[in-house]
Amino acid sequence: MTERAPHPDPAACLTGHGRIAPRLRASWRRSERYGLTADEMRPAFTGAVDTDSLLYECGHEVLRGLQATLANEPVSMMVTDSDGLVLSRLCDDTAINRSLDRVHLAPGFYFGERNAGTNGLGLALADRAPSLVRADEHYCTSLQGYTCAAAPVLDPVNGGVAGSINLTTWSDSSSELLLALAQSAAGNTAALMLARSTGRKIRPMPRGAVFRVYADRLQRTGTTCTALSPAWTNAVAQARAAFQHGLGVAVVGEPGAGKTALAALARRELRRERVLSVRPPAPEEVDSWMALWTPELGKDCTCIIVSAVEALPAWATTELARLLTAARRWSDGPAPFVITAETDSAIPEELHPLIDAVVEAPALRTRPDDVLPLAHHFARQDWRRDASFTPAAARALTAYDWPGNVRQLREAMRAAASGARTVDLHHLPAEVFTSPGRPLTRLQLVERDEIIRCLTEPGRTIAQAAVELGVGRATIYRKMAQYRIKIPEQGPNR
């Protein structure tokens with residue numbers, strides 16, 4: 001039996017690479033934790049790739065354009081999905097293609113950190129940031145003949161990581177512009193995806209936030225926790241019981257479901273303390289973001305709610321786990337932190353040992369009885385006075401599915417805050433009267449919104465709306481079906 005050579009110490013190997021060395025060291029440690037060795041990779045083969053996806057279509061098109069400008073260069077250009085599955089590879093250089101085939105860096109193979117250790121595309125996906133891995137910076141020796149530059153492709157609609165663009169060349173080739181080219185190609189891919197995702201709004205890049213949560217303001221304005229539905233109050237009670245037993249708690253749920261509010265209410269019902277909520281920024285700003293709030297972890301009677309931990313770069317997750325472990329060790333009462341994520345499975349592995357209980361914040365569509373109390377609360381909060389809702393407006397609000405949950409309801413109330421003391425149908429945003437369907441073009445959105453505007457005018461019938469729009473009633477009905485428009489009854493002869 002051949003004895004394997006021990007893997008060199010990552011700290012010793014990477015000290016000469018400046019500011020990126022900490023990220024690489026963290027990646028090497030993860031690779032070791034995944035059970036990989038210097039002479040063994042596990043690039044699993046899936047057998048097929050999704051060539052119909054928007055990412056493949058746009059990424060492949062962008063790289064074909066880049067390939068034309070690098071025709072005589074030994075650079076292999078790849079599109080991968082968010083798990084590191086190589087979807088496409090473009091290169092005219094036969095030698096590097098054959099070499100990459102030998103290490104399975106080819107379409108149909110998974111090449112994330114779990115499969116291939118530290119490499120450019122794996123690090124870009126793990127840290128959600130552009131990454132350059134040269135020669136012996138690779139964890140596995142079979143990759144040390146290459147230099148890999150990769151940049152994540154961010155989904156322009158939901159803001160998540162859709163995949164990556166990876167450029168690979170020989171380790172002795174010049175790599176000065178390789179990372180810049182990868183970043184440019186990733187940005188162009190995201191822009192093309194946006195252009196072809198007709199009618200969708202681009203999601204703003206995360207800016208990060210650190211703010212104090214005043215959970216008791218909900219009670220002071222009249223919407224108490226006990227006034228809401230059992231689905232919500234039971235979730236708050238579960239969190240409160242976990243805090244009472246000193247457990248580390250994660251609150252999971254859909255975006256906008258009120259995870260931070262749930263955790264803050266449960267903490268404030270249990271004990272009086274300062275509650276700070278922190279939300280991750282863009283990856284390049286994580287260092288300064290963590291420096292801003294992590295000193296608060298050591299303060300008595302302070303609870304930190306770390307939101308969307310699944311959005312953190314891998315290196316930041318490792319550092320966060322270290323800081324939270326230390327804070328919990330020195331805490332006398334409940335764990336001085338709460339984390340939130342969309343699902344239990346989305347919580348990074350490093351944080352799982354710190355979590356003893358997972359509480360789910362129920363989606364707003366599962367608790368329609370909470371819609372009007374919350375709408376009244378947001379109206380008082382934004383308008384500084386009470387507001388009433390017509391029966392038709394109340395029916396529209398409670399019948400809507402609220403895919404954006406409580407956050408979307410709050411935005412709808414802000415949009416309706418035009419000074420009216422009684423909110424009617426025409427004060428509500430158009431989205432409240434539609435159900436999800438295929439994406440609409442900009443022109444279709446304008447047409448849909450104009451139809452809804454005419455239909456929601458006080459006392460307006462479908463016949464009257466048809467006259468104003470200059471079309472027949474049959475056309476109105478057909479357009480309502482096309483755009484999935486449902487308007488609550490507000491008068492006879494509709």
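Glu 137 is buried, at 0% relative accessible area, where buried means under 20%, exposed over 50% and partly exposed in between, with a 1.4 Å probe and protein chains only. Before I go on, the ground rules: this is a predicted model, in which local features need pLDDT of at least 70 and side-chain atom pairs count only at pLDDT 80 or more, while totals for chains, interfaces and linings use all residues. Residues are numbered from 1 along each chain as its sequence is written, and side-chain values use heavy atoms, with hydrogens and water left out.

Back to Glu 137. Glu 137 sits in the loop between β3 and β4; helices (H or I, at least four residues) and strands (E, at least two) are DSSP runs numbered from the N terminus. C-alpha to C-alpha, Glu 137 and Thr 147 are 9.0 Å apart in space and ten residues apart in sequence.

The loop between β3 (131–134) and β4 also holds Ala 135. Ala 135 has a phi near 35 degrees, a positive value in a residue other than glycine. Its relative accessibility is 22%, so Ala 135 counts as partly exposed.

Trp 402 lies in the loop between α14 (391–399) and α15 (405–416). Is Trp 402 buried or exposed? Trp 402 counts as buried, because its relative accessibility is 0%.

Next, strand β4, where Cys 148 lies. Cys 148 counts as buried, at 5% relative accessibility. Leaving aside neighbours within four places in sequence, Cys 148 is in contact with Gly 120, Ser 131, Leu 132, Val 133, His 138, Asn 166, Leu 167 and Thr 168; contact means heavy atoms within 4.5 Å. Cys 148 and Ala 182 are 34 residues apart in sequence, and their C-alpha atoms are 9.7 Å apart.

Now the chain totals. The protein chain has 18 helices and 13 strands. Of its 494 residues, 50% count as buried. Taking contacts with a separation of 6 or more, 70% are between residues 24 or more positions apart.

On to the helices, starting with α3. Helix α3 covers residues 54–69, and at 1.5 Å a residue its 16 residues should span 22 Å; the end C-alpha atoms are 24 Å apart, which agrees. The expected span is 1.5 Å times one less than the number of residues. Which residues of α3 are buried? They are Leu 55, Tyr 56, Cys 58, Gly 59, His 60, Val 62, Leu 63, Leu 66 and Gln 67. Those buried residues pack against β1 (76–81), β2 (86–90), β4 (146–154), β5 (161–170) and α7 (178–196).

Then helix pairs. Two packed helices are described by the angle between their axes and the distance between the axes. The axes are lines fitted to C-alpha atoms, for helices over the stretch in contact, and angles run from 0 to 180 degrees between N-to-C directions.

The crossing of α9 and α10 is right-handed; a crossing is left-handed if the near helix is turned anticlockwise from the far one by less than a right angle, and right-handed if clockwise. The residues of the contact of α9 with α10 divide into eleven nonpolar, one polar and three charged. Here Ala, Val, Leu, Ile, Met, Phe, Trp, Tyr, Cys and Pro count as nonpolar, Asp, Glu, Lys and Arg as charged, and the others, Gly among them, as polar.

The other two pairs both involve α18. Helix α16 (residues 442–455) packs with α18 (residues 473–482) at about 120 degrees, with the axes 11 Å apart. The two are therefore oblique to each other, and the crossing of α16 and α18 is left-handed. In α16, Gln 444, Glu 447, Ile 451 and Leu 455 meet Ile 476, Lys 479, Met 480 and Gln 482 of α18. By class, this contact of α16 with α18 has four nonpolar, two polar and two charged residues.

Finally, helix α17 (residues 462–469) and α18 have axes that come within 9 Å and cross at roughly 100 degrees. They are therefore roughly perpendicular to each other. Ile 462, Ala 463, Ala 466 and Leu 469 of α17 meet Arg 473, Ile 476, Tyr 477 and Met 480 of α18. The contact of α17 with α18 divides into seven nonpolar residues, no polar and one charged.

Technical notes: Angles under 35 degrees count as roughly parallel, over 145 as roughly antiparallel, 65 to 115 as roughly perpendicular and the rest as oblique.
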